[in-house]
Amino acid sequence: ETEETYSRTVLRTMIAAAASDGMIDEAERRTIEQESGTDPETAAWLAAEYRLPASIEDIAASVGNDEALAAEAYLAARLVCADLSRKETVFLARLSQALELDDNLVENLERQLGF
């Protein structure tokens, strides 16, 4: 796994999480941009992801059996869904299942973020 693949998986998860309630707002976009940096190639890639966010299945497939990446992706998604609409709660629950994160781990991750 290259570092780029790793960070793109995290970013794809963030965008999917942000889009899960039907709209990506400014705060969500800022959170994603803080993570993504500013090089033009990444910006172009991000624009495409914003237009067509990844599905939970796509994300799970790119995470594979990498537990550290699964945890990282979940954390990133949770960070974007700061105030948890109902749709975001459902998205996070489906994401944690697809990534095969157990409930204790999810609770620990949430605590790390101070939620």
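Modeller: Before we start, helices (H or I, at least four residues) and strands (E, at least two) are DSSP runs, numbered from the N terminus. This is a predicted model, where local features need pLDDT of at least 70, side-chain atom pairs count only at pLDDT 80 or more, and totals for chains, interfaces and linings use all residues. Residues are numbered from 1 along each chain as its sequence is written, and side-chain values use heavy atoms, with hydrogens and water left out.

Biologist: Thanks! How many helices and strands are in the chain?

Modeller: The chain has seven helices and zero strands. Its radius of gyration (taken over C-alpha atoms) is 13 Å, close to the 13 Å from the globule rule for 115 residues, so the chain is as compact as a globular protein of that length. That rule is 2.2 Å times the number of residues to the power 0.38.

Biologist: Let's zoom in. Where is Ser 36 placed?

Modeller: Ser 36 sits in helix α2. With 11% relative accessibility, Ser 36 counts as buried; buried means under 20% relative accessible area, exposed over 50%, partly exposed in between (1.4 Å probe, protein chains only).

Biologist: And what does Ser 36 touch?

Modeller: Leaving out residues up to four places away in sequence, Ser 36 touches Leu 11, Thr 42 and Leu 46. Contact means heavy atoms within 4.5 Å.

Biologist: Which residues of α3 are buried?

Modeller: In α3 the buried residues are Thr 42, Trp 45, Leu 46, Glu 49 and Tyr 50. Looking down the α3 axis, they fall within an arc of 140°, so they line one face of the helix. The arc is that of the directions from the helix axis to the C-beta atoms.

Biologist: What covers those buried residues of α3?

Modeller: The cover includes α1 (3-19) and α2 (26-36). On the face of α3 turned away from its buried side are the exposed residues Pro 40, Glu 41 and Arg 51.

Biologist: New topic: is Arg 78 buried or exposed?

Modeller: Arg 78 counts as buried, because its relative accessibility is 4%. Arg 78 belongs to helix α5 (residues 67-80). Not counting residues up to four places away in sequence, the residues Arg 78 touches are Leu 84, Leu 92, Glu 110, Leu 113 and Phe 115.

Biologist: Last one: what share of the 115 residues in the chain is buried?

Modeller: Buried residues make up 41% of the 115. Also, of the contacts in the chain between residues at least 6 apart in sequence, 74% join residues at least 24 apart.
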